[in-house]
Each structure stands twice: as structure tokens, then as C-alpha cells.
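Q: Hey, can you walk me through this protein? I'd like to start with what the words mean.

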Amino acid sequence: MYRVLLAVDENESRALAQVNAIEDLPEASSSVQVTLLYCFTDNPSGASALQIEGVRRAKEALDDADIETDIVESSGDPADVILDVAEERTVDCVCVGGRRRSPAGKALFGSVAQSVILNADRPVLVAGAKHAE
């Protein structure tokens with residue numbers, strides 16, 4: 001079994017692009033197990049991960065593809081949470097969504113995907129919006 005940590009945000013199209021990338025893995029429906037992760041940075045209303053559109057759509061798409069899935073929700077710095085959950089779950093690969101950002105935006109706000117890529121001790125699959133097509 002090939003275990004993938006799928007870290008999604010609120011954006012439905014990015015989440016679906018990530019699911020498409022996972023579906024493209026060899027024998028995905030029979031050999032891939034996905035842990036779907038959503039990290040709350042602020043959750044005053046006490047929402048659950050399945051209330052987040054990106055999580056809900058990714059879960060539905062994975063179910064439709066017959067890919068075994070479980071959901072983990074956490075809070076904190078997203079990059080740190082992704083790396084911690086990847087280690088705790090001993091996943092084989094981490095899948096993150098990429099998006100275009102200006103150089104100033106990267107400098108001011110950082111990039112979760114970039115931080116995961118640079119600090120992960122396992123392969124990282126980055127699915128961009130083009131993958132959703």
C-alpha cells in the first residue's frame with residue numbers, strides 16, 4: 001500500500017487538481033491510501049474539516065475513484081502540521097497544491113508548499129491548477 005498525505009486548503013479547484021494527481025498514480029484505486037489533511041489556522045466557530053469545501057470535494061472525488069481515504073484535522077502552522085502528520089502517519093508521499101504568487105507575496109507571506117518541499121524527508125508531489133484540466 002502506498003500512503004499519501006493530501007494536504008488541502010479551502011480552494012476547491014486546487015483540491016481537485018491534487019486528487020487528479022493522485023488518481024494518476026499507478027494502480028491508485030487498489031494500491032493507494034490517502035490521508036486527507038486540513039489545518040485550521042483559526043477556528044473560532046469550531047468547524048470540522050468536512051465543512052470546508054476543498055476537503056468535502058476532495059473526499060467526494062477520492063470516494064468516486066474508489067481510493068481509500070481517512071480525514072485528519074489539526075490546527076497550527078500549516079507547513080509544520082503537514083510535516084508532523086506525514087511523520088506520524090509514516091506516509092510515502094505528501095501532496096500539496098501549488099499556486100502562483102508574486103515574489104513580493106512569497107517574501108511577505110511565505111509559501112506552505114515551498115516550506116514543505118524544502119523540509120520534507122519524503123517525496124512531495126505538487127499539483128498545480130493546470131492538473132485540474
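This is a predicted model: local features need pLDDT of at least 70, side-chain atom pairs count only at pLDDT 80 or more; totals for chains, interfaces and linings use all residues.

Q: Okay, so is Phe40 buried or exposed?
A: Phe40 has a relative accessibility of 7%, which is under 20%, so Phe40 counts as buried.

Q: And what about Tyr38, buried or exposed?
A: Tyr38 comes out at 6% relative accessibility, so Tyr38 counts as buried.

Q: How many aromatic pairs does the structure hold?
A: There's one aromatic pair in the structure. Its partners are Tyr38 and Phe40: the ring centres sit 4.7 Å apart and the planes make an angle of 80°, so this is an edge-to-face pair.

Q: Why edge-to-face, though?
A: Because planes over 60 degrees apart count as edge-to-face, and the planes of Tyr38 and Phe40 are at 80°.

Q: Let's zoom out. How many helices and strands are there?
A: The protein has six helices and five strands. Starting at the N terminus, the order is β-α-α-β-α-β-α-β-α-α-β.

Q: And how much of the protein counts as buried?
A: 37% of its 133 residues do.

Q: New topic: charges. Which residues gather in the patch of negative charge?
A: That surface patch brings together Asp77, Asp80, Asp84, Glu87 and Glu88.

Q: Where's Asp80?
A: Asp80 sits in helix α4, which covers residues 78–88. Its relative accessibility is 44%, so Asp80 counts as partly exposed.

Q: Which residues form the nonpolar patch?
A: Ile117, Leu118 and Val126 do, and together they have about 280 Å² of accessible area on the surface.

Q: Tell me about Ile117. Where does it lie?
A: Ile117 is part of helix α6, residues 112–119. With a relative accessible area of 43%, Ile117 is partly exposed, because that value falls between the 20% and 50% cut-offs.

Q: Last one: where is Asp121 found?
A: Asp121 is in the loop between α6 and β5, and β5 is residues 124–127.

Q: Is Asp121 buried or exposed?
A: Asp121 has 62% relative accessibility, which is over 50%, so Asp121 counts as exposed.

Conventions. Residues are numbered from 1 along each chain as its sequence is written. Side-chain values use heavy atoms; hydrogens and water are left out. Patches are made of residues with over 30% relative accessible area and no salt bridge: like charges are joined within 9 Å, nonpolar side chains (Val, Leu, Ile, Met, Phe, Trp, Tyr) within 5 Å. Accessible areas come from the Shrake-Rupley method with a 1.4 Å probe; for residues, only the protein chains shown count as cover. A salt bridge is a side-chain nitrogen of Lys or Arg within 4 Å of a carboxyl oxygen of Asp or Glu. Lys and Arg count as positive and Asp and Glu as negative; His and the chain ends are not counted. The place of a charge is taken as NZ of Lys, CZ of Arg, CG of Asp or CD of Glu. Helices (H or I, at least four residues) and strands (E, at least two) are DSSP runs, numbered from the N terminus. Buried means under 20% relative accessible area, exposed over 50%, partly exposed in between (1.4 Å probe, protein chains only). Rings of Phe, Tyr and Trp (its six-membered ring) pair if their centres lie within 6.5 Å; planes under 30 degrees apart count as stacked, over 60 as edge-to-face and the rest as tilted.
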